[in-house]
Amino acid sequence: RKQREQKEAEIVRLKEEHRKRLDEEKALKRELQLNEKYQLYLTNVVEGGSDDYHEIQDLLSRYKSLKDINQDLADAQRKHEQDNEDKRLEFANFKKERQNEMLNQNNDIAKLQKKLEGHERETMGLLNDVDSTIRGTSDKTLELGQILRSVQNLLERFEKQVHSHAKHKQDHPRRAEKATSGGKSAEEIESDGNNAVLSLDEICMYMLDYKDIVDEWLEECAEAKRKERGAAFRAGEDS
């Protein structure tokens with residue numbers, strides 16, 4: 001009985017396999033019928049076409065070559081489009097960063113300019129009252145000395161930034177500590193004040209020079225980007 005069940009199971013399996021084979025045969029026949037019209041079309045093209053194609057395989061090979069070339073061109077176009085998009089985003093980010101940097105630097109320059117103007121006004125006000133307020137008034141003398149020292153320190157910082165601190169110290173041998181020493185006459189204090197005004201003028205020139213350098217650098221960066229974008233655009237047109 002066990003053998004009988006195995007045989008019956010084998011018969012069921014073979015019938016199922018036979019059915020699948022019949023289905024596959026029907027599918028292949030349908031596919032063959034569908035492809036017969038393409039076979040007939042290609043035969044007519046070869047027979048009625050030019051002498052370039054003697055066999056259907058020649059025509060199919062030409063079609064495959066053109067298809068591959070078209071795919072290569074499409075891939076190259078997509079790559080160039082992606083490259084252009086990447087460059088556009090990169091330039092937009094660069095432009096935004098430079099604008100933010102320029103804005104921050106302009107704000108810093110405006111703050112420094114305002115602070116400088118405030119020191120100038122304060123120094124000029126003290127110079128106008130120097131004869132009546134400094135003589136015999138140690139507090140006012142100390143206050144003026146602190147202001148003059150601040151101006152001198154600010155000037156020295158600018159000189160260090162432009163790598164010419166030693167030269168300027170030789171050209172202008174002023175010292176901040178002299179402004180704080182006691183026992184100075186009104187003429188000496190007035191001379192210190194005049195030196196502070198000269199120092200403030202020098203600081204103003206440093207700041208203006210710095211702003212010019214920053215503007216020139218930003219313009220060079222923008223010009224370089226414009227040239228790069230123009231080169232990329234020409235490269236895209238050549239491709």
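What share of the 239 residues of the protein chain counts as buried? Buried residues make up 19% of the 239, where buried means under 20% relative accessible area, exposed over 50%, and partly exposed in between (1.4 Å probe, protein chains only). The model is predicted: local features need pLDDT of at least 70, side-chain atom pairs count only at pLDDT 80 or more, and totals for chains, interfaces and linings use all residues. Residues are numbered from 1 along each chain as its sequence is written, and side-chain values use heavy atoms, with hydrogens and water left out.

**Figure 1. Overview of the protein chain.** The chain holds seven helices and zero strands, in the order α-α-α-α-α-α-α along the sequence. Helices (H or I, at least four residues) and strands (E, at least two) are DSSP runs, numbered from the N terminus. Of the contacts with a separation of 6 or more, 70% are between residues 24 or more positions apart; contact means heavy atoms within 4.5 Å. The accessible surface is about 18600 Å², and carbon and sulfur atoms account for 52% of that area (Shrake-Rupley method, 1.4 Å probe; for residues, only the protein chains shown count as cover).

**Figure 2. Surroundings of Gln-105.** Gln-105 belongs to helix 2, residues 56-128. Its relative accessible area is 17%, so Gln-105 is buried. Leaving aside residues up to four places away in sequence, Gln-105 touches Val-214 and Leu-218.

Figure 3. Leu-66, Ile-69 and Leu-73 form a nonpolar surface patch, with about 290 Å² of accessible area together. Patches are made of residues with over 30% relative accessible area and no salt bridge; like charges are joined within 9 Å, nonpolar side chains (Val, Leu, Ile, Met, Phe, Trp, Tyr) within 5 Å. A salt bridge is a side-chain nitrogen of Lys or Arg within 4 Å of a carboxyl oxygen of Asp or Glu. Leu-66 is in helix 2 and counts as partly exposed because its relative accessible area is 44%.

Figure 4. Asp-209, Asp-212, Glu-216 and Glu-220 gather in a surface patch of negative charge. Lys and Arg count as positive and Asp and Glu as negative, while His and the chain ends are not counted; a charge is placed at NZ of Lys, CZ of Arg, CG of Asp or CD of Glu. Glu-220 lies in helix 7, residues 186-238, and is partly exposed at 47% relative accessibility.

**Figure 5. Asp-201 and Glu-120.** Asp-201 is in helix 7. With a relative accessible area of 37%, Asp-201 is partly exposed. Asp-201 and Glu-120 are 81 residues apart along the chain, and their C-alpha atoms are separated by 9.0 Å.
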